[in-house]
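Please look through the sequence and the model shown here, and then follow the paragraphs below, which lead from a pair of helices to the sheet, the core and a few single residues.

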Amino acid sequence: MSEDPMAASTDDLLRRLRGFQGASGRRPRPRLHELLDGTRHASALFIGCSDLRVVPHLLTGTGPGELLVLRNIGALVPRCGCTEGDVHATAATLEYALVAQQARHIVVCGHSRCGAMRSLYGGVPAGAPHLAAWLDLAREAVLPAPPDAQVLRRTEERSVVLQLVRLMEYPLVRERVQAGELALHGWHYDVDDGEVRVYDAESGEFVPASRADPEPAAAYARRPGAHKPAAAAWSS
Ligand SMILES: [Zn+2]
């Protein structure tokens with residue numbers, strides 16, 4: 001394995017693939033096939049940034065068959081509302097997670113040093129119009145202040161809350177949350193020290209996971225009508 005993943009060559013990728021299939025080149029382990037029999041369902045959908053440092057299965061301690069993962073730049077959720085002909089990856093994934101997999105939890109996970117959040121203040125490179133349009137989905141999280149470390153952290157947290165608000169705009173999500181069948185969770189992962197802080201719906205603040213209330217009622221928008229961002233996380 002190359003020490004520098006960024007320098008991975010085709011040979012590196014093939015070597016890793018062969019490692020996955022085993023030294024004899026046989027097919028993936030039987031356990032993976034067991035997951036295809038339709039009896040196993042993932043209980044959670046993880047929406048995270050595409051950043052290399054965010055590794056959902058490491059953060060959640062999950063293995064094959066335990067976690068649905070949707071990753072994109074910034075861990076963003078587009079507004080609900082497809083028009084005919086639209087292909088909407090997020091909506092399709094939500095429907096699959098909730099209808100087919102009967103997921104009971106959705107996690108939106110932002111992180112520190114997020115390039116997507118920083119670019120909201122500095123712009124994106126020329127020649128990336130799709131990226132610029134995509135990042136506008138987090139524009140409401142921007143604060144009217146120079147982007148120092150504290151402002152960027154606040155922006156990252158505000159974006160997580162904003163995506164939770166967007167999720168609640170999907171009827172499929174809102175109805176299940178209000179019925180107590182689904183809980184939404186906002187996380188912020190510090191890539192420097194590994195701490196994950198969890199959005200607390202009551203206080204509107206992100207608190208260390210060790211102090212987070214494990215009760216479902218503490219998750220975001222458990223109560224009907226309580227899907228506005230709490231002041232502490234949202235205020236400038
Ligand atoms: Zn990021």
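The axes of α4 and helix α8 (residues 171-178) come within 10 Å and cross at roughly 35°, where axes are lines fitted to C-alpha atoms, for helices over the stretch in contact, and angles run from 0 to 180 degrees between N-to-C directions. This is a predicted model, in which local features need pLDDT of at least 70, side-chain atom pairs count only at pLDDT 80 or more, and totals for chains, interfaces and linings use all residues. Residues are numbered from 1 along each chain as its sequence is written. Helices (H or I, at least four residues) and strands (E, at least two) are DSSP runs, numbered from the N terminus.

The crossing of α4 past α8 is left-handed, a term used if the near helix is turned anticlockwise from the far one by less than a right angle, with right-handed used if clockwise. In this pair, L94, E95 and L98 of α4 meet L172, V173 and R176 of α8, and two residues are in contact if their C-beta atoms, placed from the backbone, lie within 7 Å. By class, the contact of α4 with α8 has 4 nonpolar, no polar and 2 charged residues; Ala, Val, Leu, Ile, Met, Phe, Trp, Tyr, Cys and Pro count as nonpolar, Asp, Glu, Lys and Arg as charged, and the others, Gly among them, as polar.

Turning to the whole protein, there are 9 helices and 6 strands. The order β2-β1-β3-β4-β5-β6 describes an open sheet of 6 strands with mixed pairing, two strands being paired if DSSP finds at least two bridges between them. Because β2 (68-72) and β6 (205-208) stand at the edges, each with a single partner strand, one side of each is left without a neighbour in the sheet. From one strand to the next, the twist averages 25°. Strand β1 (residues 44-49) runs parallel to β2 and is joined to β2 by 5 bridges, and G48 has R71 in β2 as its bridge partner.

How much of the protein is buried? Buried residues make up 30% of its 236 residues; a residue is buried if 20 or more other C-beta atoms lie within 10 Å of its own, exposed if 12 or fewer, and partly exposed in between, with C-beta atoms placed from the backbone. The largest nonpolar core has 46 residues, of which L45, I47 and I106 touch the most other members. Helix α7 (residues 149-168) gives the largest share of this core, 6 residues. Such a core is a set of buried Ala, Val, Leu, Ile, Met, Phe, Trp, Tyr and Cys residues joined through C-beta atoms within 7 Å. Leaving aside residues up to four places away in sequence, I47 touches L70, A75, V77, I106, V107, V108, C109 and Q163.

L59 lies in helix α3 (residues 56-60) and counts as partly exposed because it has 19 C-beta neighbours inside 10 Å. The C-alpha atoms of L59 and E195 are separated by 9.8 Å, although these residues are 136 residues apart along the chain. Not counting residues up to four places away in sequence, L59 touches Y189 and V196.

Finally, most residues other than glycine have a negative phi. Q102, in the loop between α4 (89-100) and β3 (105-111), has a positive phi near 55°. R113, in the loop between β3 and α5 (115-122), also has a positive phi near 55°.
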